[in-house]
Amino acid sequence: MTLIATVFAGIAALVHILAFIWETIFFRRPGVHWGVFKIRSEDVPAVLLWSFNQGFYNLFLAAGTILGLIWVHSGNADLGRAFVFYTCGFMVLSGIMLFISDRLGLGREKGTGVGGSISEALPPLVVIIAMLAA
């Protein structure tokens, strides 16, 4: 695995760990539910279960990527690359779906999720391109 793929896989994992922290641990804070996700305080109880589970989904993607990186660099490179490729592919597809749902205006104002979709999809896309080019 190239240095570029390794670095961007780490960035992708960190983005998903941050999403876990926001969605699971700090979601009830106005600076997070409104500042990050544009969810009004009165709507938090209705989406709290969704947010909590979504956070763990992001944590599991990050964990898979980190586990893959550990395997790549500790002697089980084929298995590690497969894990990194799979989890990063999943992240890219999830970012694309976030972009599409944002463009359709699902759940909030149109255009508020573009940054999230880019930050979710771009680092793992770099990983996939670097892995395929190597």
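Me: How many positive and negative side chains does the chain have, and how far apart do the centres of the two sets lie?
Reply: Lys and Arg count as positive, Asp and Glu as negative, with His and the chain ends not counted; each charge is placed at NZ of Lys, CZ of Arg, CG of Asp or CD of Glu. The chain has 8 positive and 7 negative side chains, and the two centres lie 3 Å apart. This is a predicted model: local features need pLDDT of at least 70, side-chain atom pairs count only at pLDDT 80 or more, and totals for chains, interfaces and linings use all residues. Residues are numbered from 1 along each chain as its sequence is written, and side-chain values use heavy atoms, leaving out hydrogens and water.

Me: Which elements are in the chain?
Reply: Helices (H or I, at least four residues) and strands (E, at least two) are DSSP runs, numbered from the N terminus. The chain has 5 helices and 0 strands.

Me: Which residues form the largest nonpolar core?
Reply: In soluble globular proteins, nonpolar side chains tend to be buried together. A nonpolar core is a set of buried (under 20% relative accessible area, 1.4 Å probe, protein chains only) Ala, Val, Leu, Ile, Met, Phe, Trp, Tyr and Cys residues joined through side-chain atoms within 4.5 Å. The largest has 10 residues, including Ala5, Leu69, Cys88 and Ile128. Two or more residues each come from α1 (3–25), α4 (77–103) and α5 (114–133), and α5 gives the most, with 4.

Me: Which residues is Ile128 in contact with, leaving aside its neighbours within four places in sequence?
Reply: Contact means heavy atoms within 4.5 Å. For Ile128 the partners are Phe85, Cys88, Gly89 and Val92.

Key: Buried means under 20% relative accessible area, exposed over 50%, partly exposed in between (1.4 Å probe, protein chains only).
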